[in-house]
Amino acid sequence: MTAHTPAALVLEDGRIFRGAAYGQEGRTLGEAVFSTAMTGYQETLTDPSYHRQIVVQTAPQIGNTGWNDEDDESQRIWVAGYAVRDPARVPSNWRSRRALDEELRAQGIVGIAGLDTRTVTRHLRERGAMRAGIFSGAALGSDEELVAQVAASEQMSGANLAGDVTTAEPYVVAAEGEKRFTVAALDLGIKSNTPRMMAQRGIEVHVLPLSSTVDDLLAVNPDGVFLSNGPGDPATADHAVELTREVLGRKLPLFGICFGNQLLGRALGRGTYKMRYGHRGINIPVIDVDTGKVAITAQNHGFAVEGEAGERFGTDFGAAKISHYCPNDGTVEGLRLLDGPAFSVQYHPEAAAGPHDAAPLFDEFTSMMSEAR
C-alpha cells in the first residue's frame, strides 16, 4: 500500500470512496462486485470468472498469507481491479513467496486500500452491481471527469467474455493412477482445481477451446462432456449452447458448473437474467430439492437461470427439473435432465478455496459415465 498516493473507487451512480493506491497505480474500469469469502484471495484473483470485474473484499484483512506459486487457479490474475480495507503490512506464511501488493504490481493490477468495504458492500447490495473504476496517482481527476469515464465504460449485460479467457490450444490433464474415463471439458474459464479433482477420480481430462466443434469433442472419444465456469452474459454464448444441444442429442453424459449450468439451462429452453448483485463467496447455502439436504458452497456468478425450486418442465430432450436452489433468494442452483444423462449446478464443487460439501458431485459424474457404458 502506497500511503502517500491517493486513490478513488468511483461508481457509476456518482458515489466515490477514497483510499490509497494498492498494487499498480493508474486507472482500471470494470463491474464492481463484492466477495464474502474470508479466505482464498489468491484463488479469487486468478479465477477467470472475475474477468472485467473490480472485486471488493468484505473480509477486512487481506494479504496476510502473501502470494505463493501453488494456489493460482489459472495462468494470471483476471480481476480488473481490487478493493480492500486493511492490507497486511508483512505477509506471514511458510508457503509465501512475495507480498500480495508486489504480485498485483507485477501483473499490472490497479487496486485501492483503506476503504470502508462494509459501506461499499452495503451500497452494492442496495443499488446492485454496477460499473466502476479505480483511479490513483496521475489518473485522478475531478469527480465529474472520473464519473464520466466510468459511465462511458462497457456494461456487463450483453458482454461476451468467455472467448477472452478460454485456452488457445487443447491440453490434457492425465488421470491419477489407473485411467477410468475420458472427459472432454469445454473451457469457458476453467479453474485449475477442476481437472485436478477429476484426475483424482481416474479421469483423463481433455481441455478444449470454446471454439471447438462437436466433432472436436467427439475426436477425443469422450465418456462424458464437462462445461466449465466462466465470465460474461450467458445470453451471448450461442455457440456453446448449440454445442451443448449436440451433446444432449447424442445422450453423452454431461456435467456443467456455474456458467455451464446457465448453458445447460439455455440448451433446455430456459432463459437467463442478470442478478441484482450476484453470489460471490464460499459460504452460500444450497438446498437439494429431492433430499432437502443443505450444502455450503463456493459461488461466483452474476447471472442465473429462470425457474422455481422443484419445477419440472419439458424440453427438446425430454423432461427436466430444477434440482437445487438457494434459500437466501430462491435462485436456481441446479438442473437435471430426467430423460437423459445430464445435470449441472450453479456453484463450484472444486471449491478452491472453499467448503467441500459439493465435492461428491464429481463422483456422481463418474457414476453417470459408468452407467452409460
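Contact, on this tour, means heavy atoms within 4.5 Å. You're looking at a predicted model, where local features need pLDDT of at least 70, side-chain atom pairs count only at pLDDT 80 or more, and totals for chains, interfaces and linings use all residues. Residues are numbered from 1 along each chain as its sequence is written, and side-chain values use heavy atoms, with hydrogens and water left out.

**Stop 1**

Select Leu268. Setting aside neighbours within four places in sequence, Leu268 is in contact with Leu248, Phe313, Gly314, Thr315, Phe317, Ala320 and Leu337.

Now widen the view to the largest nonpolar core. A nonpolar core is a set of buried Ala, Val, Leu, Ile, Met, Phe, Trp, Tyr and Cys residues joined through side-chain atoms within 4.5 Å. Buried means under 20% relative accessible area, exposed means over 50%, and partly exposed is in between (1.4 Å probe, protein chains only). In soluble globular proteins, nonpolar side chains tend to be buried together.

Which of the 33 residues in the largest core touch the most other members? They are Leu188, Leu248, Leu263 and Leu268. (Helices are DSSP runs of H or I with at least four residues, strands are E runs with at least two, and both are numbered from the N terminus.) The largest share, five residues, comes from α8. There's also a second, separate core of 23 residues, including Val286, Val345, Tyr347 and Ala358.

**Stop 2: the annotated binding site**

Next, select Ser49, Gly230, Gly232, Phe259, Gln262, Asn300, Gly302 and Phe303, which an unreviewed UniProt entry annotates as "binding site". They span 255 residues in sequence, yet no two of their C-alpha atoms are more than 13.4 Å apart, so they gather at one spot. Keep in mind that UniProt annotations may be inferred rather than shown by experiment; the feature names are shortened and the positions use the numbering here.

Zoom in on Gly230, in the loop between β13 and α8. Gly230 is buried, at 8% relative accessible area. Not counting residues up to four places away in sequence, Gly230 touches Ser49, Leu188, Gly189 and Phe259.

Then try Gln262, in helix α9 (residues 259–267). Is Gln262 buried or exposed? Gln262 is buried, with a relative accessible area of 2%.

**Stop 3: Ser228**

Go back to the loop between β13 (224–227) and α8 (238–249), and pick Ser228. Ser228 is buried, with a relative accessible area of 0%. A polar atom of the Ser228 side chain lies 3.4 Å from the backbone oxygen of Leu186. A polar contact is a pair of N or O atoms within 3.5 Å; within protein, one must be able to donate a hydrogen and the other to accept it, and residues adjacent in sequence count only if both atoms are side-chain atoms.

**Stop 4: Arg131**

Jump to Arg131 in strand β9 (residues 130–136). At 11% relative accessibility, Arg131 counts as buried. Draw two distances from the Arg131 side chain: 2.8 Å to the backbone oxygen of Ala151, and 2.7 Å to the backbone oxygen of Ser153.

**Stop 5: two cysteines**

Finally, select Cys258 and Cys326. The sulfur of Cys326 is 13 Å from the closest cysteine sulfur, in Cys258, too far for a bond. A search of the whole structure finds zero disulfides (a disulfide is a pair of cysteine sulfur atoms within 2.5 Å). Cys258 is buried at 1% relative accessible area, and Cys326 counts as buried at 1% relative accessibility.
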